[in-house]
Amino acid sequence: MEAFIQNWLPIIGESVIETFQMVIISLFFAILIGVPLGILVVLTRPGQALANKVIYQLLNLVINVVRSIPFIILLFFILPFTKFLVGTTIGVQGVIVPLVIYTAPYIARLLETSLLEVDNGVIEAYKAMGVKTRQIIWNVMLREARPSIILGLTIATVSLIGATAMAGLVGAGGLGDLAYRFGHLRYEVDVMYATVFILIILVQGIQSLGNRLAARLKKD
Amino acid sequence: MIKLENITKVFPSKNGNVTAVNNVNLHVKKGEIHGVIGYSGAGKSTLIRLVNLLEKPTSGSVSINGTELTTLSPEKLRQTRQKVGMIFQHFNLLKTATVYDNIATPLKLLGYDKQEVKKRVEKYLKIVDLSDKQNSYPSQLSGGQKQRVAIARALSQEPEILLSDEATSALDPETTNSILDLLLKINEELGITILLITHEMNVIQKICDYVYVLENGEIIEQSSAIELFTNPRKHTTKKFLDTISQRKLSVSLISQLKLNGTVTRLTFIGENTGQPLLSQVSQKFGVEPNILTANIMELKNDIVGNLVIHLVGEQEQIHASLEFLNNQGVTTEEVEGE
């Protein structure tokens, strides 16, 4: 046991750090793109504040197209775009772009669902009070949807962790890559177990954190 | 104060156009409470949303305080809306905000400074009698308390007009009464003009000065509350009146009674005009009045009495008695049997 820890701790530690790097950086950019995208989808819906059939359907199409491509294919499919954007297609840097493109539409969809759950009556009440649409988005829609948004982001983060496992294919490392290279290719079963164990803890932790945060914000 | 002229609202739908509101004219004077009553689907909700342009009219004009709303820029419309408070059947409060924040948030968004916000929240929570609940969340409140918060939220903008969209429809009878009392208080003490829609005749009875009966998007009858209660003309209006008083007798009973006499409804204003008149009739004309139903309805400003009597006697004497009653200011109406 001690020998195992001494041998593998640095490597596993490094993988954990890589996974965290990928998840945190991609999540940040995915939120930055996904949230406005989700809001826009809701607002351009027929009957909403900025109702616009063309934009609405275009956004839906884009989201659906990206969401239909499995990550492993997306990763290679957009290689030229990745190269153009960050100058490299390998390493953590190279994998961030596909991870963001993979996660952002997912977040947009989840956000859309959350926002649509907000009681239309409250929005109407604020409109009747003469509050600006922009303020209603922030102070009514996003505010009321917070618990549901947090749960959505939790789901997105967990699926993002899953996607990072494939990052090894472009040499970005991470826990998934570790399990694959050492656990599978080299039959180091212990490493496989350790990695899976860490992943389970990670996902559990994120899910309970999300649940707890959502429960605290939810008041009904 | 509020003036709707020839307002029509048509909703396009797959099966052709639906006219929700058809050529409605409505004029609410300052300081009065006007009520629109109608069954579900009559167009009430659409009508009240046309007043603050939550629904845009297909044609016609909406003016508030002489300002035509339909031609205002979005920015000017927003400013006008701030002077028109609105309350709803389902309260429409922020679930994730405390009572205090539910009232404070719109004020902050409308640009009032912190001190003014605090002052107003406290003032209006006191008016609706909920000062001790300011840190509660809506889910911890009863329906009546939620509506009070919504009323405080509407009042905190110090509007001149309050629109009430079925504000008591989700409440039990006792809570309904307390909310109606609050609306009366707001009307009397703050001088706020109120336009409400409802399907409950007791709401009209208790607080309205003037009533519109809406059916299929059209106003089929309108009059002061006292006139409507003493002299309803349309069938729908009578049906609404039947919901609050025991006006209705079974057709078979009436037919049976009619074999020897008439069944007549007497309506009079004031509380004690009915009884002495009946004994006078009995003495003068030798008829026997037998009271079948009787009730007194307290309107906002008046009291209306309602008696259904069975008059037994000679045809001629009955006729003379009814004429006598008419001359004394009592409305008489023969109740139809089969």
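The crossing of H8(A) and H9(A) is left-handed; a crossing is so called if the near helix is turned anticlockwise from the far one by less than a right angle, and right-handed if it is turned clockwise. The model is predicted, so that local features need pLDDT of at least 70 and side-chain atom pairs count only at pLDDT 80 or more, while totals for chains, interfaces and linings use all residues. Residues are numbered from 1 along each chain as its sequence is written, and chains are lettered from A and ligands numbered from 1 in the order in which they are written.

## Helices of chain A

Helix H8 (residues 175-185) of chain A packs against helix H9 (residues 189-217) of chain A at an angle of about 160°, and their axes are 7 Å apart. H8(A) is therefore roughly antiparallel to H9(A). On the H8(A) side the contact consists of Leu175(A), Leu178(A), Ala179(A), Phe182(A), Gly183(A) and His184(A), and on the H9(A) side of Val189(A), Val191(A), Met192(A), Thr195(A), Val196(A), Ile198(A) and Leu199(A). Sorted by class, this contact of H8(A) with H9(A) has 10 nonpolar, three polar and no charged residues.

Helices (H or I, at least four residues) and strands (E, at least two) are DSSP runs, numbered from the N terminus. Axes are lines fitted to C-alpha atoms, for helices over the stretch in contact, and angles run from 0 to 180 degrees between N-to-C directions. Angles under 35 degrees count as roughly parallel, over 145 as roughly antiparallel, 65 to 115 as roughly perpendicular and the rest as oblique. Two residues are in contact if their C-beta atoms, placed from the backbone, lie within 7 Å. Ala, Val, Leu, Ile, Met, Phe, Trp, Tyr, Cys and Pro count as nonpolar, Asp, Glu, Lys and Arg as charged, and the others, Gly among them, as polar.

The contact of H1(A) with H5(A) has 24 nonpolar, five polar and two charged residues.

In total, chain A has nine helices and zero strands. The C-alpha trace of chain A spans about 70 × 40 × 25 Å along its principal axes. According to an unreviewed UniProt entry, residues 16-210 of chain A carry the annotation "domain: ABC transmembrane type-1"; such positions are given in the numbering used here, feature names are shortened, and annotations may be inferred rather than shown by experiment. Over residues 16-210, chain A is 82% helix and 0% strand, and the end C-alpha atoms are 20 Å apart.

## Sheets of chain B

For chain B, an unreviewed UniProt entry gives the annotation "domain: ABC transporter" for residues 2-241. That span is 38% helix and 28% strand, with its end C-alpha atoms 27 Å apart.

One open sheet of four strands has the order E2-E1-E4-E5 (chain B), with antiparallel pairing; two strands pair if DSSP finds at least two bridges between them. Strand E2 (16-28) and E5 of chain B are at the edges with a single partner strand each, so one side of each has no neighbour in the sheet. Helix H1 (residues 44-51) of chain B packs on this sheet and touches E1, E2 and E4 of chain B, its direction making about 125° with that of E1(B).

Individual bridges locate these pairings. Leu4(B) has Val62(B) in E4(B) as its bridge partner. Ser63(B) stands opposite Glu68(B) in E5(B), and Ile64(B) has Thr67(B) in E5(B) as its partner. E4(B) and E5(B) form a hairpin with two residues between them, and Asn65(B) in the turn has a positive phi of about 55°.

Another open sheet of four strands in chain B has the order E12-E13-E11-E14, again with antiparallel pairing. Its edge strands, strand E12 (288-298) and strand E14 (331-334) of chain B, each pair on one side only. Neighbouring strands of this sheet are turned by 20° against each other on average, direction ignored. Ile296(B) has Gly305(B) in E13(B) as its bridge partner.

| Strand | Partner strand | Sense | Bridges |
|---|---|---|---|
| E1(B), residues 2-13 | E4(B), residues 59-64 | antiparallel | five bridges |
| E4(B) | E5(B), residues 67-68 | antiparallel | two bridges |
| E12(B) | E13(B), residues 303-312 | antiparallel | 10 bridges |

## Contact between the chains

In the model, 21 residues of chain A are in contact with 20 residues of chain B. On the side of chain A that touches chain B, the elements that give two or more residues are helix H6 (120-128) and helix H7 (133-164) of chain A. H6(A) provides the largest share of that side, seven residues. The residues of this side of chain A divide into eight nonpolar, four polar and nine charged.
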